[in-house]
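This report goes through selected local and overall features of one protein chain. Please keep the sequence and the structure open while reading.

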Amino acid sequence: MAKLTKRSEDYSQWYLDIVTRAEMADYAPVKGCMVIRPWGYAIWERMQRALDDMFKATGHVNCYFPLLIPQSFLQKEAEHVEGFAPECAVVTRGGDKELEEPLVIRPTSETIIWAMYKKWIQSWRDLPLLYNQWANVVRWEMRTRLFLRTAEFLWQEGHTAHAGQQEAVEEAERMLGVYRRFAEDWMAMPVLAGRKSEGQKFPGAVTTYTIEALMQDGKALQAGTSHYLGQNFARAFDVQFQNRDGQLEYVYATSWGVSTRLVGALVMSHSDDAGLVLPPRLAPLEVVIVPIPKAGADNAAIEQAAYRLAEPLEGKVRIRVDDRDNVSPGWKFNEWELKGVPVRIELGPKDLQKGQAVVVRRDTGQKMPMSQDAAAFEVPRLLEEIQSSLFAKAKARLEANCRSADSYDGFKKVVERDGGFVLAPWCGSRECEGRIGDETKATIRLISDEAEECPACMLCGKGPARRVPFAVSY
Ligand SMILES: [Zn+2]
């Protein structure tokens, strides 16, 4: 097998090597589109299942709205159309007829959902509606990268309707909390959480909340967003309800989403020069047992022992005995390393004599002999340890890569030399934000409620300012 590009040589190529060689995804015939292969899709399915459980535990239900949206719907909310029109794919023909009205392939579904909410909401008794859909969306992107930015991607989009502002704000914040828990507990990926600046919020939102992760090359990645939409979409689609006092009022809204981009974030959070490293909770396969036949040994007995070892673990962990006889054990080791299976168990003739097996951790490479009898309870414990150690390692990296700067010159140096999050004073103006972004490529990732107050903005010198994290981002 040819070697992967090293992270230190070319980070971007290293990422693409892993995604393609681990058979997670491939380029599609249409530029910007991606084929998600079974290994990549199995990771997405693990993510979906965990998130879907969390959505349902917080009272949401799933539904499905159509892919095609009348073009006029998008034009009803001014900021929304301005934000999305440049990247919309539009259908103008159906069969052999020109359509009377062009149809947009959904870039997001607020408009079609609010057009339907108008039919379904009349009174405060109809509220709240806590809907989510799992779907694909299309945004005509030219500069694409597998999983991280593709013209079509898979995601979930929650769209909720509420009778009051506070309730809607709480919902948007609650869902950001769900995303944060998912990122940390499942992806083993620590994040910063807060609000987006005015210049970076979702088109049509009052407030956009975000979680931001740090990749190994020091760039930030927006991993999930939740929006408080106020009454903007209710006004655009004239969705009013009769409140408890009998008066008509526009409905309050939120929307929130995460996408297959998270698979890319997962790859870049933990992987190394040998390939993918997966946190056990999201690994399609957590343990692979590789019997190691030897010339002259009782190879049937080795294989039987491998299945005996797997048996008490089945149903507890996702496990497979790799008994393929058309490839060598060494080839199998490489393949499962490349694919990021957290634990490999090797079983050869000598191990069999000693009643043991050799357990190998994917994240550290550590090899440990383990008694075959102990495997049934030692392996699940080891998987939990790997999960938490991946998080601890990523958390230490995040903390080591949060730096401060006070002057603009100092800021530029840190951004250039170290990357990561650079906390620096900003006055809150869109103008300063824009100029800093143009000159350094570093953007304000979020504004936190706990942001430290500073006397002066690093660029314009005006005060009061707040210390916010800047970073170059994906
Ligand atoms: Zn300023």
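Predicted model: local features only at pLDDT ≥ 70, side-chain atom pairs only at ≥ 80, totals over all residues.

Helix H8 is mostly covered, with 10 of its 10 residues buried. The buried residues are Arg261, Leu262, Val263, Gly264, Ala265, Leu266, Val267, Met268, Ser269 and His270.

Helix H2 (residues 38-57) and helix H8 (residues 261-270) have axes that come within 10 Å and cross at roughly 105°. H2 is therefore roughly perpendicular to H8, as the class covers angles from 65 to 115 degrees. On the H2 side the contact is made by Gly40, Ile43, Trp44 and Met47, and on the H8 side by Leu262, Val263 and Leu266. By type, the residues of this contact are 6 nonpolar, 1 polar and no charged.

## Nonpolar core

The largest nonpolar core has 129 residues. Val19, Ala183, Met187, Ala213, Val251, Ile289 and Val422 are the residues with the most contacts inside this core. Which helix gives the most to the core? Helix H6, residues 165-186, does, with 9 residues.

Ala213 can be followed in detail. Apart from residues up to four places away in sequence, Ala213 touches Ala183, Met189, Val191, Leu221, Ala223, Ala265 and Ser269. Of these partners, Ala183 is also listed among the core residues with the most contacts, while Ala265 and Ser269 are buried residues of H8.

Gly177 lies in helix H6. Is Gly177 buried, exposed or partly exposed? Gly177 has 16 other C-beta atoms within 10 Å and is therefore partly exposed, since a buried residue needs 20 or more and an exposed one has 12 or fewer. Gly177 and Thr210 are 33 residues apart along the chain, and their C-alpha atoms are separated by 9.9 Å.

Ala188 is found in the loop between H6 and strand S9 (192-195). Ala188 counts as buried because it has 27 C-beta neighbours inside 10 Å. Its backbone has a positive phi of about 55°, although Ala188 is not a glycine.

Most residues other than glycine have a negative phi, and most peptide bonds are trans. Asp238 is a residue other than glycine with a positive phi, near 50°. Asp238 lies in the loop between helix H7 (232-236) and strand S12 (240-242). With 11 C-beta neighbours inside 10 Å, Asp238 counts as exposed, whereas Ala188, with its positive phi, counts as buried.

Two cis peptide bonds can be described as well. The bond from Leu127 to Pro128 is cis, with omega near -5°. Pro128 is placed in the loop between helix H5 (110-120) and strand S7 (129-138). Gly463 and Pro464 are also joined by a cis peptide bond, with omega about -10°. Pro464 lies in the loop between strand S23 (453-454) and S24.

## Strand S24 and Ala465

Ala465 lies in strand S24, which covers residues 465-471. Ala465 is buried because 24 other C-beta atoms lie within 10 Å; the cut-off for a buried residue is 20 or more.

What does Ala465 touch, not counting residues up to four places away in sequence? Its contacts are Pro425, Trp426, Cys427, Cys454, Ala456 and Cys457. Pro455 is 10 residues from Ala465 in sequence, and the two C-alpha atoms are 5.9 Å apart in space.

The chain is divided into domain 1 (11-270), domain 2 (287-382) and domain 3 (402-471). The C-alpha centres of domain 2 and domain 3 lie 51 Å apart.

Ser371 is placed in strand S19, residues 367-371. Ser371 is exposed because it has 11 other C-beta atoms within 10 Å, and the cut-off for an exposed residue is 12 or fewer. Leaving aside neighbours within four places in sequence, Ser371 is in contact with Gly355 and Gln356. Ser371 and Leu459 are 88 residues apart along the chain, with 63 Å between their C-alpha atoms.

Definitions and conventions. Residues numbered from 1 in each chain as written. Core = buried A, V, L, I, M, F, W, Y, C linked by C-beta atoms within 7 Å. Helix = DSSP H or I, 4+ residues; strand = E, 2+ residues; numbered from the N terminus. Contact = placed C-beta atoms within 7 Å. Domains from an automatic or database assignment. Axes fitted to C-alpha atoms, helices over the stretch in contact; angles between N-to-C directions. Parallel < 35°, antiparallel > 145°, perpendicular 65-115°, else oblique. Nonpolar A, V, L, I, M, F, W, Y, C, P; charged D, E, K, R; others polar.
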